[in-house]
Amino acid sequence: MNGPFYCGIDVGSSYAKAVLLDGAGRVAADVVRRTGVAFEAVAEALRADLLAAVPGALGGIERTIATGYGRENVPFADGAVTELTCQALAGWHLFRRAVTVIDVGGQDTKVIVLGDDGRRLSFQMNRRCASGTGAFLEEMAARLDTTPAGLEALAERGHDAVALSSFCTVFAKSELLSLIRGGRSVEDIALGVYDAVVRRVVEMTPLHDGIVLTGGAARPGGVLVRRLEAALGRPVLVPEKPQLTGALGAALMAMRDGGAPV
Amino acid sequence: MPRLESTARLQALMLEAFRECDAAARAPQGRVAWCTSVGPVELLRALGFAVFFPENHAAMLGASRAATDLIPAASAEGYSPDVCSYMTSDIGAFRRGVTALSRVDPSITSVPRPDVLVYDTNQCRDVVDWFSFYGRQFGVPVIGVAAPRGVDAVTDDLVAAVASQIRGLVAPLEAIAGRRLDPGRLRDAVAISRDTSLLWRRVLSTGSARPSPLTFFDACIHMGPAVILRGDPRSAAYYEGLLAELEGRIARGVAAVPGERVRLYWEGMPIWGRLRDVSDLLARLGACVAGSTYCSSWVFDALDPAAPFDSMARASVELFITRTDAVKERVLADEARRYSVDGMVFHDAKTCPNNSNCRYGMPGRLAAGAGVPSVIVHSDLNDLRLHADEGVRLALEAFVEQCAEASP
């Protein structure tokens with residue numbers, strides 16, 4: 001692999017991600033860690049992970065851009081950019097067409113509309129409430145005494161999704177209790193949790209063709225993708241590694257700032 | 001950011017006004033009227049009242065970040081946390097026995113006791129509930145104007161209806177003031193208000209210069225005299241000085257936001273408890289908020305001393321906040337052009353629906369019709385429990401990045 005290398009670090013609220021691009025813009029390495037509470041330490045750990053994966057990059061990282069909630073806490077970064085800009089850049093890089101990127105993040109969900117030249121036309125973020133975000137899935141999983149991965153496994157076996165009516169995560173948890181008490185299967189409840197996220201997303205802005213779903217919950221072929229496709233009535237584009245698109249966009253930004261074509 | 005030299009004069013003038021109200025409330029012959037911020041203040045000045053503005057007081061509670069801790073005291077008394085947080089923080093302060101005026105002058109220990117409360121519902125209905133609370137507390141009359149809302153064309157009929165209500169205030173106010181209304185004094189007060197208003201408009205219009213010599217955040221502070229000293233000659237004198245300073249900045253090319261690279265327009269209420277933080281954030285990003293609907297709300301083109309009642313009524317009916325969304329959309333498109341902005345920030349203030357114009361599809365229509373992109377920040381004027389620093393920061397940063405990317 002040839003240098004110089006460009007690094008993107010995405011310190012999200014739940015997970016921190018990093019992508020290393022080589023001089024030709026190919027992904028040389030990518031890594032994910034739990035963010036935890038020490039943003040600077042996790043950023044350093046991510047860099048060490050990248051260098052362990054690509055020893056040749058040692059001393060050869062031309063530029064690093066940080067993004068995500070902890071973007072100001074990456075001491076070795078050359079700049080910080082919001083994840084909306086990074087998601088837009090990655091969306092354009094991966095699909096090269098007018099798309100709408102839906103990023104279901106840990107603390108918020110963003111819908112970013114790109115024009116046919118890759119420029120961002122508009123964006124929406126969820127309101128104050130956490131419903132419709134990754135945190136909502138985590139909270140609901142905890143209520144059902146499982147992990148986020150366990151929640152998806154349960155939902156895979158659901159057939160008749162329950163309807164969760166509440167906008168509020170706390171109220172939704174109490175709704176879950178009522179449903180359990182009412183004898184609904186935990187699988188159908190889990191499926192209903194995903195539908196609740198989908199409903200919050202589709203109400204944010206009109207969604208037309210070219211929908212790209214990103215974020216840690218957007219596993220290719222996974223429940224969230226399928227339920228969103230069902231709600232929209234058309235296929236959804238999912239990057240190969242949807243959790244990493246923020247970091248990829250940051251690395252692309254590093255490359256662009258460094259004068260390389262993106 | 002360079003500090004405006006006029007700020008020292010502003011502080012002295014505001015202090016003077018607050019002390020006068022306090023003194024009037026203590027003097028046996030003094031008469032104090034509380035008035036909504038765009039109420040019929042000229043009538044009160046002409047009748048010799050010292051005038052106190054609870055909205056200004058509430059904004060001070062917000063700016064000093066005291067409001068959030070005070071609101072629960074009003075909630076406990078049955079005032080929902082979903083209604084105007086100016087009202088709930090102000091009532092909360094009263095219940096706790098504190099006032100924002102003490103921060104300006106520690107010798108002022110309470111709001112000035114009113115002899116009458118005078119409202120105009122042109123902004124919202126909450127002012128009636130707010131003033132009625134104090135009417136009950138102090139055992140004094142609460143009178144006012146029920147303004148038309150959702151106004152499309154400002155017709156003579158609407159103006160006449162409001163003018164009639166303002167005239168109807170004269171007799172009860174004369175009884176409280178203990179004097180007859182002198183028409184000459186009313187004309188003088190209206191003339192002073194008009195002069196102040198015209199000067200304030202010119203101050204705000206300097207924001208259309210590139211780079212802008214002032215920001216929305218500066219204007220939020222310097223609008224003080226336009227609100228609490230309307231109808232008082234000291235306000236016009238203050239704005240003559242401020243205008244000269246700003247025109248001097250334009251002549252020298254001094255930017256309120258050094259390195260201005262993105263220009264924005266602010267629609268809606270300030271986030272008083274985060275005014276400095278949001279101002280600093282945007283300045284750091286090179287973004288100048290050059291204009292706003294909020295600060296323009298104290299520009300009253302209609303005022304005419306030759307027809308005081310009718311022109312006061314017209315000024316009230318013409319207000320941006322009272323108008324239909326169609327009118328507001330035209331105003332916003334015009335303002336975006338006038339200030340040559342790259343985008344608009346809509347503040348969706350949870351407890352202020354009348355001043356949150358993004359709730360009925362306006363941002364989308366403005367983008368489609370006038371090509372003005374926008375972002376919505378979800379917060380509140382005074383209740384910081386409804387504000388998330390990270391969310392607001394992310395939205396504003398991302399929007400500035402988007403605007404910068406779109407700039408030629």
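1. A polar contact is a pair of N or O atoms within 3.5 Å; within protein, one atom must be able to donate a hydrogen and the other to accept it, and residues adjacent in sequence count only if both atoms are side-chain atoms. Between chain A and chain B, eight residue pairs are in polar contact, both residues being at pLDDT 80 or more.

2. On conventions: this is a predicted model, in which local features need pLDDT of at least 70 and side-chain atom pairs count only at pLDDT 80 or more, while totals for chains, interfaces and linings use all residues. Residues are numbered from 1 along each chain as its sequence is written, chains are lettered from A and ligands numbered from 1 in the order in which they are written, and side-chain values use heavy atoms, with hydrogens and water left out.

3. The interface of the two chains. Contact (heavy atoms within 4.5 Å) joins 19 residues of chain A to 19 residues of chain B. The buried area, meaning the accessible area (1.4 Å probe) that two parts lose on being put together, summed over both, is about 1700 Å² between chain A and chain B. Carbon and sulfur atoms give 48% of that area.

4. Salt bridges between the chains. With a salt bridge taken as a side-chain nitrogen of Lys or Arg within 4 Å of a carboxyl oxygen of Asp or Glu, the rule finds two across the interface of chain A and chain B. Arg393(B) pairs in this way with Glu72(A), with 3.3 Å between the closest N and O atoms. Helix H2 (83-95) and strand S8 (120-125) of chain A are the elements that give two or more residues to the side of chain A that touches chain B; helices (H or I, at least four residues) and strands (E, at least two) are DSSP runs, numbered from the N terminus. S8(A) gives the most to this side, with five residues. By class, the side of chain A that touches chain B has six nonpolar, four polar and nine charged residues. Here Ala, Val, Leu, Ile, Met, Phe, Trp, Tyr, Cys and Pro count as nonpolar, Asp, Glu, Lys and Arg as charged, and the others, Gly among them, as polar.

5. A network at this interface deserves a look. Glu390(B) also forms a salt bridge with Arg393(B), the closest N and O atoms being 3.3 Å apart. Because Glu390(B) and Arg393(B) are three residues apart in helix H18 (residues 389-406) of chain B, about one helical turn separates them. Salt bridges link Arg71(A), Glu72(A), Glu83(A), Asp103(A), Asp108(A), Lys110(A), Arg284(B), Glu390(B), Arg393(B) and Glu397(B) in a network.

6. Domains. The bounds come from an automatic or database domain assignment. In chain A this gives domain 1 (5-84 + 244-257) and domain 2 (134-198), with 33 Å between their centres, taken over C-alpha atoms. In chain B the assignment gives domain 1 (8-183) and domain 2 (186-406), with centres 22 Å apart, again over C-alpha atoms.

7. Between the domains of chain B, 56 residues of domain 1 are in contact with 53 residues of domain 2. The area buried there is about 4600 Å², and carbon and sulfur atoms give 60% of it. The rule finds five salt bridges across this interface, and Asp310(B) and Arg167(B) meet in a salt bridge at 3.5 Å, N to O. The count of residue pairs in polar contact between these domains is 32 (both at pLDDT 80 or more). Among the elements that each supply at least two residues of the domain 1 side are helix H1 (7-26) and helix H8 (156-177) of chain B. That side divides into 33 nonpolar, ten polar and 13 charged residues.

8. Buried positions in chain B. Buried means under 20% relative accessible area, exposed over 50%, partly exposed in between (1.4 Å probe, protein chains only). In helix H4 (residues 67-75) of chain B, Ala67(B), Thr68(B), Leu70(B), Ile71(B), Ala73(B) and Ala74(B) are buried, and the buried residues of H4(B) pack against helix H3 (54-63) and helix H5 (85-96) of chain B. Thr322(B) lies in the loop between helix H15 (308-318) and helix H16 (325-338) of chain B and is buried, with a relative accessible area of 1%. Leaving out residues up to four places away in sequence, Thr322(B) touches residues including Asn122(B), Pro148(B) and Val317(B).

9. Arg201(B) is partly exposed at 31% relative accessible area, and Asp301(B) is partly exposed at 45%.
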